[in-house]
Amino acid sequence: MEQTPYYKYDLSLLDRTLQAVKEAVADSSNFHVHYAVKANSNPVILDRICKAGLGVDCVSGAEVEASLQAGFKADSIAFAGVGKTDREINLALDADIFCFNVESVEELQVIQSLAAKKNKTARIAFRVNPNVDAHTNAKITTGLAENKFGINMELLDGAIDMALGMSNIELLGIHFHIGSQITQMEPFSQLCAKASAINAKYLECGIRFSILDMGGGLGIDYTDPTGNPIPDFKAYFDVFRRELKTVPGQQVHFELGRSIVAQCGSLITQVTYVKKGTVKEFAIVDAGFNDLIRPAFYGAHHAIRNISNTDGAKRKYDVVGPICESSDVFDKDILLTETHRGDYLEILSAGAYGEVMASQYNMRSLPKSYFEE
Ligand code: LLP
C-alpha cells in the first residue's frame, strides 16, 4: 500500500461512465456535454475526459488554463462564476473561449470594455436565476432568488437589451444551474418548463438564442455506490429531450461534474487507533476533513468499508479523523467488519469535490492520487 491517506481512481469506471454519457446523448446531435472541472481537476482525470470528447465548464482562470493544458479546445470552454476578475476575463478573451456565462450586467460591462480594448468579440450567455427549488442541501442549492447566482428573471429584458447594443458582445443564449446532487428528475422538469417559457418569450420578440445551457446537478448514489456505479444518464437527458422546447438549430449544453467523476474515486486511509469509549468505539483514521471535507461541511454521507478485513463479523464504529475539531467525523455508528489498528478503510464516492477541496489545515500534507486501469 502507498502512504495513506490517498485518493485512488478507477479509470476503467471513469471510461465506462464517459461511454454511458456519450451513448445517452448519441441520438441528440444538438446536445453538448461539458465537464464541470471544479468537481475534479486532476490532470489524469482531465486527460481521460478530454479524450472522450467532452467540453469543459470552468469557474476560474486557473481552470481555463488547466483545461487548455489538458488539450480541451478553446471553443469547447464555457466560463462561469459571479466574480470573474479582469485578469481571468482577459485570459479567457486571449484564449478565445466558446462562451462566458455572465452573471450580472456589472460583469457584462467589464467584459465589453476589456473585449473592446483587445478589439475582440466576447461570446456570452446570461445565467438566469430560474427560482427552481432543487430539493438538495442548502449549501449547494443555487437556483433560488435568494442565492447570489445569475440574473433575476425581472432583470433579464434589460440585460439582453444592453448586450444586444454592445459592440464587442455576441449574445449566444441563456444559462441555468439549479443546484447539485439532484437525484429526482422533478427539478429538471421544472427547469425545462421555465427555460422553454423564456425561450418562447424571446422567440416571439424575434430573439433566437443559439444556445440553451442547462447546467449540471445530476446526483449519484452515495448509499450504494458499488450497486449503482453509473448514474442513469439516459433518464436525465430524456427529461430535456422530452420537455425542453427548442427550435431547429438551437444547441443544448450541459455541465455535469459529480455524476461523471464521483464514483471512480475513493479515499484510502489507515486506522491509527481503535479507541474504546464508554458508549462508542472510534476508528481513528489518518485522513481528516482536510482530505475530504464533504461529511464535515455538508453533512454528506459516504459509504465506508474495511478493505483489510472483508468478511469478518460487523461492529459499530464512529470513523473519525485526527484533526482537532469535533466535526472531523466521516460517519457515526456505522457497521464495519471488525477493525484493528493498521487496517485500511476505503471511503467511497469521493471522486467529485474530494481532492479538489483538500486543504493543508493543521499543517497536514495534501493527499496524493493513484490510478488503476
Ligand atoms: N455548472 C455550474 C454553474 C455549477 O456551479 C456547478 C457546480 C456545476 C455546473 C456542476 O454541478 P454537478 O454536476 O457537479 O452537480 N462542493 C459541493 C458541490 C458544489 C457544486 C457547485 N457547482 C459538494 O461537495 O457537494
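# Notebook: ligand site, helix packing and backbone details

Entry 1. I note here that the model is a predicted one.

Entry 2. Which distance separates the side chain of glutamate 255 from a nitrogen atom of the ligand? I read 2.7 Å, taken to an N or O atom of the glutamate 255 side chain. For tyrosine 298, I found an N or O atom of the side chain 2.7 Å from a nitrogen atom of the ligand. Aspartate 57 also has a polar side-chain atom facing the ligand, and I recorded 3.3 Å from that atom to a ligand nitrogen.

I next asked how much of the ligand the protein buries. The ligand taken alone exposes 580 Å², and 92% of that is buried by the protein.

**Entry 3. Helices packed against α8.** I turned to helix packing, for which two values are used: the angle between the axes and the distance between them. For helix α7 (residues 186-204) and helix α8 (residues 233-243), I found an angle of about 30 degrees and axes 10 Å apart. Angles under 35 degrees count as roughly parallel, so α7 and α8 are roughly parallel to each other. I noted the crossing of α7 and α8 as right-handed.

Helix α1 (residues 11-25) packs with α8 as well, at an angle of about 30 degrees and with the axes 9 Å apart. That angle makes α1 roughly parallel to α8. What is the hand of the crossing where α1 passes α8? I recorded the crossing of α1 and α8 as right-handed.

**Entry 4. Backbone details.** I checked the peptide bond between threonine 4 and proline 5 and found it to be cis, with omega at about -10 degrees. Proline 5 lies in the segment before β1 (6-10).

I also looked at asparagine 131, which has a positive phi of about 55 degrees although this residue is not a glycine. I located asparagine 131 in the loop between β6 (122-129) and β7 (151-152).

Conventions
Residues numbered from 1 in each chain as written. Predicted model: local features only at pLDDT ≥ 70, side-chain atom pairs only at ≥ 80, totals over all residues. Heavy atoms only, no water. Polar contact = N/O pair within 3.5 Å; in protein donor to acceptor, adjacent residues only side chain to side chain. Areas by Shrake-Rupley, 256 points an atom, 1.4 Å probe, with all protein chains shown as cover. Axes fitted to C-alpha atoms, helices over the stretch in contact; angles between N-to-C directions. Helix = DSSP H or I, 4+ residues; strand = E, 2+ residues; numbered from the N terminus. Parallel < 35°, antiparallel > 145°, perpendicular 65-115°, else oblique. Left-handed = near helix turned anticlockwise from the far one by under 90°.
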